[in-house]
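The following note sets out points for a colleague who is examining this model. Please read each point with the sequence and the structure at hand.

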Amino acid sequence: IMLLRNKVLLNRGSLSQTRLVWFYPSSMKPARKSSLENTWTELFNRYFSPVNKPVGITESLPPFYYYKGSARLQGGAYKPVVSIDIGGGTTDVVVFKANKPLLLSSFKFAANSIFGDGFTEFGAASSNGIIQKYLPYFQNLLETNNFHDLKEVLRLIREKNRTEDINAFFFSLENNLAIKDRTLFSYNSILARDEDLKIIFLYFYTAIIYHIAGVMKHKGVEMPKHIVFSGTGSKILAIITTDEKLLAKLSRFIFEEVYGMAYDSDGLTIETERHMPKEVTCKGGLMVQPEDLAIDVQEIRANITFGKSTSFERLTYDMLDDGVLADIEAYVAAFNEFFLQLNEQFSFSDHFGISGTSWSIFKTEFNKHLRDYLEEGLEFNRKMDEQSSDEKIVEETLFFYPLTGIINNLSSHLSKLTPVNF
């Protein structure tokens, strides 16, 4: 039995032989994990009287075993495989080799970095560029197709003024049972045709691959043979392109540039499950022995913040002086220059249909306010993580903080370029 919403698996024969597998985020604090484990154990024992004990698995691990169990990772036992789970709030990355997790990283650069309110603590949908562009379109669509109940739901969601909630509603429409023409209401497809906004999604994807390549190189791991994707946020890939070979070609180029070396004849492949990205985690959990995945993620965690002149595997808040922040800012600026050069070698217009006007605006805006975005991200996430002590460890890379601000700023400019045709 797969309870996908709660990420719980019951692999059962007889009631006494039932096995409970429950998933937790890799970033979950030990105290919270222990509390959940106690709750699951109590409930499981009460209703099943099992022989087997519940097994907790960090949710970033099973997707690899789904792809492996589906025979889609030829050569993936010998060479590294990168598993990327893109959620709403966080992206989890695990590097596997010899079918075992080697490195793990997690960072708050995920779907909400594009479809959320950035570093605004309170809702800011009324000023969000993407919402301002597509809200009238969906309101008109619901009205002209007589979906008055759904239009009322949208009105109630709008009152909270949270960008991520409104975008989530837009994405949900194509799967609504009341809607017969799924193509007409497919937000993913609509955004895939938006040549002005597409640069944001490509920038988002490139940043993730670039950072992973940097971490793997820093740790002395060879370039991967496969990259596999899971998580609802991985639907963003289809906005960039539905051609996995093209995406693999781009990713291969990024790895080669970061490593300063060429791939061998095996190359790089990308595997996705566009229609069931969330289920990959649960199905992967059924394809392995849970005990094999009950590992201490802290032992393989790779939380690296790169600066232009140095790198930090362990940062505390009191280490973040002006020099360190300036070095991180310089590294982000260097990545932005890399992205510009990437377009020269791998034409974004030819390969992904990105408009020339949006590219011009990107080049004007992308390096503005980097230090401000870095400081805002630090302040926002420190507050969200309830970190009050300067001696506390910064628990994720700081590379993505300025990028979230850049994306939020760009969406405001790019959303005004071409009006939506009703």
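1. The largest nonpolar core has 96 residues, of which Ile 84, Tyr 134, Phe 170, Phe 255 and Leu 403 touch the most other members. A nonpolar core is here a set of buried Ala, Val, Leu, Ile, Met, Phe, Trp, Tyr and Cys residues joined through side-chain atoms within 4.5 Å; buried means under 20% relative accessible area, exposed over 50%, and partly exposed in between (1.4 Å probe, protein chains only). Helix H8 supplies the largest share of this core, 15 residues. Helices (H or I, at least four residues) and strands (E, at least two) are DSSP runs numbered from the N terminus.

2. On the basis of these values: this is a predicted model, in which local features need pLDDT of at least 70 and side-chain atom pairs count only at pLDDT 80 or more, while totals for chains, interfaces and linings use all residues. Residues are numbered from 1 along each chain as its sequence is written, and side-chain values use heavy atoms, with hydrogens and water left out.

3. Within the largest core, Phe 170 is one of the residues that touch the most other members. Apart from neighbours within four places in sequence, Phe 170 is in contact (heavy atoms within 4.5 Å) with Ile 131, Tyr 134, Leu 135, Phe 138, Leu 154, Phe 185 and Tyr 187. A second, separate core of 21 residues includes Val 55, Tyr 65, Tyr 66 and Val 297.

4. Five strands form an open sheet in the order S7-S6-S5-S8-S9, with mixed pairing; two strands pair if DSSP finds at least two bridges between them. The edge strands, each pairing on one side only, are S7 (100-107) and S9 (269-271). From one strand to the next, the twist averages 20°. S5 (residues 81-86) and S6 (residues 91-97) are antiparallel and pair over six bridges, with Val 82 opposite Val 95 in S6.

5. Helix H8 (residues 198-218) lies across S5, S6, S7, S8 (226-230) and S9, and runs at about 140° to S5. For such angles, axes are lines fitted to C-alpha atoms, for helices over the stretch in contact, and values run from 0 to 180 degrees between N-to-C directions.

6. Ser 251 belongs to helix H10 (residues 244-259) and counts as buried because its relative accessibility is 0%. Its side chain makes a polar contact of 2.6 Å with the side chain of Tyr 205 and reaches the backbone oxygen of Leu 247 at 2.8 Å. A polar contact is a pair of N or O atoms within 3.5 Å; within protein, one must be able to donate a hydrogen and the other to accept it, and residues adjacent in sequence count only if both atoms are side-chain atoms. Beyond four places in sequence, the contacts of Ser 251 are Tyr 205, Ile 209, Ile 227, Leu 268 and Ile 270.

7. Which residues deserve a check of backbone geometry? Most residues other than glycine have a negative phi. Asn 161, not a glycine, has a positive phi of about 60°; Asn 161 is in the loop between H5 (148-160) and H6 (163-172) and is partly exposed, at 22% relative accessible area. The phi of His 369 is near 65°, also positive; His 369 lies in the loop between H15 (356-365) and H16 (370-384) and is partly exposed, at 42%.

8. Val 394, in the loop between H16 and H17 (400-414), is buried, with a relative accessible area of 3%. Apart from neighbours within four places in sequence, Val 394 is in contact with Asn 303, Leu 315, Thr 316, Tyr 317 and Leu 320.
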